[in-house]
Structure formats: C-alpha cells, structure tokens
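Here's a quick briefing to read with the model open beside you.

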Amino acid sequence: MECLTAKDRIIDSVKQVRNDSFADKKHFTEEQIVNSFLDNLLDFKKSLSEKSFKINELNKSLESLTWINENMDDDCLRLINDLIAAMKDYHSTLIRHYVNASILKDKGIAKDEIKEFKNSIDDLKEMFIDFESIYFHLPQIPGFKETSKELSLI
C-alpha cells in the first residue's frame, strides 16, 4: 500500500481544483446560465398555459351540467353535492398554485399566463357557486323550475 505524504495530498488537491476550475470556466458560462433560466421560464409558461387550458375545458364540461332540467332525485343531488365539494377542493389547490406563481407576476414574469391561469380559476369558482344556486338554492323559489324549463326550450 502506498503511503501518501502531505506533499502528495496537496498536489492531488491542486490538480482537482485546477481541473474543476477549468471545467467550470469552459462549461458554466453566463450565456449558459441565462439560457438555462430562459428555458425553464418557457417551460413554466407552457405548463401554466396547459393547466389553464385544462381548467377551461373542465369548466366547459361542467357548464353543460347546469342545463339538466329533468327531475333530479336525491341520489343525483348527492352526486352534485359531491361534485361541488370536489370543485371547491380543486379550487383551493389552484389558488395555492396561483399565490406561488403571483410572486413571479409581481416581478413582471409570465404575466399573461398567470393572468389567464387566474381567470380560469375564477371561472371554476363561479361554476361551483352556480351549481349550488341552480341545484340547491333556486329550486326553493316558487316558479323557478317552470321558468328554467321554459328557458331551456329557447
């Protein structure tokens, strides 16, 4: 077994530092840092746009449920109630994501994508408020069901 002297250990350390320093000078340039940041920013903006699109598609799908005029039995109303609870939970999760993203918006980064994301979240909230009204609050008002049926015929 070879015995390393203090001098040998120092020489090895010098070689390691020189090699690491050279590699970083060659491969960790300011341009690469900026490009990496911009790539990540573009990925973030794309991801946020895709999430907004997905939420908007969900909102369109849910909106079609607001026009169901047939008599809703208790099982259907329980399912609607479960759906409202799931929508509220999803909305809470999305709001937390928005709060995290809004830090970037305040710095002028991805402003349009974050604004669109917020709009889609707001539309989801409006949707579950509409569901509560349509299925649980408005039916208690005399004449609502008849008026609703008449409107659906238009």
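Predicted model: local features only at pLDDT ≥ 70, side-chain atom pairs only at ≥ 80, totals over all residues.

Residues are numbered from 1 along each chain as its sequence is written, and side-chain values use heavy atoms, with hydrogens and water left out.

**Core**

- The largest nonpolar core has 19 residues, and the ones that touch the most other members are Leu62, Met87, Leu94, Ile114, Phe117 and Phe131.
- Helix H2 (30–65), helix H3 (74–106) and H4 are the elements that give two or more residues to this core.
- H4 supplies the largest share, eight residues.
- A nonpolar core here is a set of buried Ala, Val, Leu, Ile, Met, Phe, Trp, Tyr and Cys residues joined through side-chain atoms within 4.5 Å.
- The helices themselves are DSSP runs (H or I, at least four residues), numbered from the N terminus.

**Salt bridges**

- How many salt bridges does a search of the whole structure find? The search turns up five, taking a salt bridge as a side-chain nitrogen of Lys or Arg within 4 Å of a carboxyl oxygen of Asp or Glu.
- One of them joins the side chains of Glu113 and Lys45, at 3.8 Å from N to O. This pair links distant parts of the chain, with Glu113 in helix H4 and Lys45 in helix H2, 68 residues apart.
- Glu113 counts as buried because its relative accessibility is 17%, while Lys45, at 25%, counts as partly exposed.
- Lys88 and Glu132 form another salt bridge, with their closest N and O atoms 2.7 Å apart. Here too distant parts of the chain are linked: Lys88 sits in helix H3 and Glu132 in helix H4, 44 residues apart.
- Lys88 has 35% relative accessibility, so Lys88 is partly exposed; Glu132 is also put down as partly exposed, at 22%.
- Lys118 and Asp122 meet in a salt bridge as well, at 2.6 Å from N to O. Both lie in helix H4, four residues apart, which is about one turn of the helix.

**Surface patches**

- Glu63, Glu116, Asp123, Glu126 and Asp130 gather in a patch of negative charge on the surface.
- Which element gives the most to the negative patch? That's helix H4 (residues 111–137), with four residues.
- Glu126 is found in helix H4 and is partly exposed because its relative accessibility is 46%.
- Glu126 and Asn59 are 67 residues apart in sequence, yet 9.5 Å apart in space, C-alpha to C-alpha.
- There's also a nonpolar patch on the surface, formed by Val34, Phe37 and Leu38, with about 270 Å² of accessible area together.
- Leu38 belongs to helix H2, and a relative accessible area of 40% is why Leu38 is called partly exposed.
- Patches are made of residues with over 30% relative accessible area and no salt bridge; like charges are joined within 9 Å, and nonpolar side chains (Val, Leu, Ile, Met, Phe, Trp, Tyr) within 5 Å.
- For the charges, Lys and Arg count as positive and Asp and Glu as negative, while His and the chain ends are not counted. A charge is placed at NZ of Lys, CZ of Arg, CG of Asp or CD of Glu.
- Accessible areas come from the Shrake-Rupley method with a 1.4 Å probe.

- Most residues other than glycine have a negative phi.
- Ala110 has phi near 55°, a positive value in a residue other than glycine.
- Ala110 lies in the loop between H3 and H4 and counts as buried, because its relative accessibility is 8%.
- Lys7 is in helix H1 (residues 6–27) and counts as exposed because its relative accessibility is 60%.
- Lys7 and Glu50 are 43 residues apart in sequence and 59 Å apart in space, C-alpha to C-alpha.

Notes. Buried < 20%, exposed > 50% of the residue type's maximum accessible area, 1.4 Å probe, protein only.
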